[in-house]
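Subject: A structure for you to look at

Hello,

I am passing on the structure we talked about, and below it you will find notes on what turned up. Please open it alongside this message as you read.

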Amino acid sequence: MAHFEAKWIGFISLIIKCSLAIGCLYLMFQRDSYQIFDRSPISAVTVKVRQASSCTTNSSIRKYFRNYQCSKTLFDVNDYILPATENSAVSITTRIVETEHTLKYCNESRLSKNNFFSFHQCESRARCILPPFYQFDEFHHDRFDNSSLCWFNNPFINIRFNYEALDYIIFIKHFIEFPQLGLIRHNLLSNVLTDDYIKTCEYDPHKHPLCPKFRLIKILELIESNPTEYELMFDYGSLIEIKISWKCNLDRSIKYCEPIYEFERLDIQPYDENPYEPGSNFLTSRHFFQPQDRQLYRIHKQIYNFHIIISVTGEAGRFDLFQTTTSIGSFFGILGKGAIVCDLLATFLVNYERVMSESSTVEKRICFC
């Protein structure tokens with residue numbers, strides 16, 4: 001410990017040391033350095049989509065959907081959840097573009113008054129893939145010549161919009177386990193989430209932050225503020241992430257260990273700058289024969305959807321004696337090094353004038369000699 005004759009130097013040094021000590025203590029408690037953490041949880045998520053019992057009336061973005069109407073659809077919700085099952089995700093169809101194709105020999109392309117056929121270029125291998133039951137001859141077991149059969153594009157196209165999807169309710173149920181600390185939680189444990197509450201609530205970040213039911217139009221309102229994007233997201237689909245994060249301090253009451261929901265749009269925007277197909281969509285097809293007809297037909301569907309992905313992250317901490325001892329040791333080490341640096345700087349500042357005066361006296365004596 002250095003001793004200074006000038007009181008103001010000692011006072012400043014003491015203030016710096018105290019500030020350093022307070023800063024170390026604040027950092028220790030702010031970062032919970034006295035706890036042991038488990039940041040590798042195990043989680044599972046189940047997602048259900050249901051049609052809303054009532055239409056939304058308080059959404060500020062309804063006016064940006066030109067053909068929005070909250071009428072009961074003739075199709076069940078299951079008709080618009082494609083594919084039907086996914087892991088921690090769900091795809092809600094917004095728009096379907098259907099095209100009818102007919103399988104014919106490539107040299108049969110012709111133009112008549114009633115039938116307009118525009119055949120595919122058979123040099124493109126992807127356009128000449130045949131159904132499995134057309135790849136082999138049933139009797140001779142010979143492979144068909146793929147270059148001789150093509151899908152003809154018939155003048156039939158149907159576009160369907162599913163504006164009712166904006167009022168679909170997404171119900172999320174999940175659990176999370178912190179194996180290192182032996183903690184298991186799920187999002188329906190809160191005292192607030194009673195049966196009556198869950199039946200009537202809908203998620204709102206301010207009024208109902210723990211409700212596990214999310215109306216799709218509310219999610220769009222939370223992730224996008226540009227009005228021109230809403231119709232584009234509906235027409236071309238969108239990739240949306242629902243992030244569920246847990247931050248549990250087990251030194252407090254377990255009731256404060258609750259999930260936090262966040263929403264983010266993942267697809268590239270704006271759409272006109274996307275080098276590939278914007279939004280989210282996939283292709284599917286259905287093959288069939290007409291009655292009394294041996295011709296094979298195909299309904300080719302391009303399905304645009306809201307692809308919603310649910311991710312779960314979290315950390316849990318609890319007091320640990322070994323971790324606390326290690327943090328205190330590091331605290332004293334930092335404080336000791338800081339005190340040494342302060343003493344060295346103060347000593348240099350106090351003796352600077354004396355050293356300079358002695359050096360100037362020596363120079364004068366040298367010059368006099």
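A cavity here is a set of grid points where a 1.4 Å probe fits but cannot get out, whereas a pocket is an open set. Please keep in mind that this is a predicted model.

Searching the whole structure gives two cavities of 30 Å³ or more. The second largest cavity has a volume of about 60 Å³. Its lining includes the run Arg185, His186, Asn187, Leu188, Leu189 and Ser190, and also Trp246, Cys257, Glu258 and Pro259. By class, seven of the lining residues of this second largest cavity are nonpolar, three are polar and two are charged.

The largest pocket has a volume of about 340 Å³. It is lined by 14 residues, and those closest to its centre are Asn58, Glu202, Tyr203, Asp204 and Lys218. Its lining has six charged, five polar and three nonpolar residues.

Which helix gives the largest share of the lining of the largest pocket? That is α3 (residues 216–223), with three residues. In this helix, Leu216, Ile217, Ile219, Leu220 and Ile223 are buried. Seen down the axis of α3, the buried residues fall within an arc of 155°, so they line one face of the helix.

**Aromatic rings**

There are 10 aromatic pairs in the whole structure. In one of them, the ring centres of tyrosine 163 and phenylalanine 234 are 4.4 Å apart and the planes are at 10°, so this pair is stacked. Tyrosine 163 sits in the loop between β5 (149–161) and β6 (168–178), and phenylalanine 234 in helix α4 (residues 228–236), so the pair ties together parts that are 71 residues apart in sequence. Both tyrosine 163 and phenylalanine 234 are buried. Ring pairs also join Phe161, Tyr163, Phe234 and Phe306 into a cluster.

Tyrosine 203 and tyrosine 261 make an edge-to-face pair, with 5.8 Å from centre to centre and 75° between the planes. This pair links distant parts of the chain, 58 residues apart: tyrosine 203 is in the loop between α2 (195–200) and β8 (213–215), and tyrosine 261 is in strand β10 (residues 259–265). Tyrosine 203 and tyrosine 261 are both buried.

**Charges over rings**

Arginine 252 has its charged end over the ring of tyrosine 256, 4.4 Å from the ring's centre. Arginine 95 lies over the face of tyrosine 236, at 5.9 Å from the ring centre.

Happy exploring!

Definitions and conventions. Residues are numbered from 1 along each chain as its sequence is written. This is a predicted model: local features need pLDDT of at least 70, side-chain atom pairs count only at pLDDT 80 or more; totals for chains, interfaces and linings use all residues. Side-chain values use heavy atoms; hydrogens and water are left out. On a 1 Å grid over the protein atoms alone, a cavity is a set of points where a 1.4 Å probe fits but cannot get out, and a pocket is an open set with protein on both sides within 12 Å along at least five of seven lines; lining residues have an atom within 4 Å of a point. Grid points are joined across faces, edges and corners, and a volume is the space filled by probe spheres set on the points. Ala, Val, Leu, Ile, Met, Phe, Trp, Tyr, Cys and Pro count as nonpolar, Asp, Glu, Lys and Arg as charged, and the others, Gly among them, as polar. Helices (H or I, at least four residues) and strands (E, at least two) are DSSP runs, numbered from the N terminus. Buried means under 20% relative accessible area, exposed over 50%, partly exposed in between (1.4 Å probe, protein chains only). The arc is that of the directions from the helix axis to the C-beta atoms. Rings of Phe, Tyr and Trp (its six-membered ring) pair if their centres lie within 6.5 Å; planes under 30 degrees apart count as stacked, over 60 as edge-to-face and the rest as tilted. A charge sits over a ring if NZ of Lys or CZ of Arg is within 6 Å of the ring centre and within 35 degrees of the ring normal.
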